Amino acid sequence: MSSYVDLSQYVSYTSTHQTGKKGQWNSNLGDQFKLKTYVSLRIGNQKMFDINDTFFNGKDEGRNYQINFGRYNLNYRPKDYRLRVMGPSDDHVSQGVSFGKDGIGYHYNFRGKNGRSAGFDAAFRPGGHTLILLTKIIVMFVQPETTPIIMEESVGESMILPILAY
């Protein structure tokens, strides 16, 4: 009598083929915002542990390693050191957050039938402008008397700071 575990009932290999658009904004001080919108088709059925190769407009996006538990999943992509957690908000929609080389990300996915889905991925990596903005906000709360001076310096730099003055 052999005592081995058949891993094929727990491990799956799938591939996802996405078609869509990517956009990116970079500031001169290192801030970066990325957005990807897509429609996709997943080939294969996911099991508890899933190895997935993703292709975007025919180009290899990298391999993901995913652990599925119930309606939630934890996903790691070594190519960009991204760790993503996804959870459902209903039967067809899932949302998640990620942390990785691209900074902090938000992911939204609408699943249809037969492995089809659509969604977007957005990521923000803070840089110099974010640091300047946070420093000004902290100074305004620590030393409120400096708020008029900070507002004068901020004209033209940001539309957020004048709003915060109210």
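Trainee: Why is glutamine 18 called buried?

Mentor: Buried means under 20% relative accessible area, with exposed over 50% and partly exposed in between, using a 1.4 Å probe and protein chains only. Glutamine 18 has a relative accessible area of 9%, so it is buried. Keep in mind that this is a predicted model, where local features need pLDDT of at least 70, side-chain atom pairs count only at pLDDT 80 or more, and totals for chains, interfaces and linings use all residues. Residues are numbered from 1 along each chain as its sequence is written, and side-chain values use heavy atoms, leaving out hydrogens and water.

Trainee: Which residues is glutamine 18 in contact with, leaving aside neighbours within four places in sequence?

Mentor: Contact means heavy atoms within 4.5 Å. On that basis the partners are Lys36, Tyr38, Val39, Ser40, Thr54, Phe55, Phe56 and Asn57. Glutamine 18 itself lies in strand E1; strands here are DSSP runs of E, at least two residues, numbered from the N terminus.

Trainee: What makes E1 and E2 a strand pair?

Mentor: Two strands pair if DSSP finds at least two bridges between them. E1 and E2 (residues 32-43) have 12 bridges in the antiparallel sense, and threonine 16 has arginine 42 as its bridge partner in E2. The two strands form a hairpin with five residues between them, and glycine 30 in the turn has a positive phi of about 95°.

Trainee: How do you know that E1 (residues 11-26) also pairs with E3 (residues 49-56)?

Mentor: Eight bridges join these strands, which run parallel. One example is valine 11, whose bridge partner in E3 is phenylalanine 49.

Trainee: What makes a space a pocket, and how is its volume defined?

Mentor: On a 1 Å grid over the protein atoms alone, where a 1.4 Å probe fits, a pocket is an open set with protein on both sides within 12 Å along at least five of seven lines; lining residues have an atom within 4 Å of a point. Its volume is the space filled by probe spheres set on the points. The largest pocket holds about 790 Å³. Its lining has 40 residues, with Arg42, Gln46, Asn73, Asn109 and Arg111 nearest the centre.

Trainee: Which strand gives the most to that lining of the largest pocket?

Mentor: E6 does, with five residues.

Trainee: And how much space lies in the second largest pocket?

Mentor: About 460 Å³. Among its 23 lining residues, Lys34, Glu61, Arg77, Asp80 and Asp102 are the closest to the centre.

Note on methods
Helices (H or I, at least four residues) and strands (E, at least two) are DSSP runs, numbered from the N terminus.
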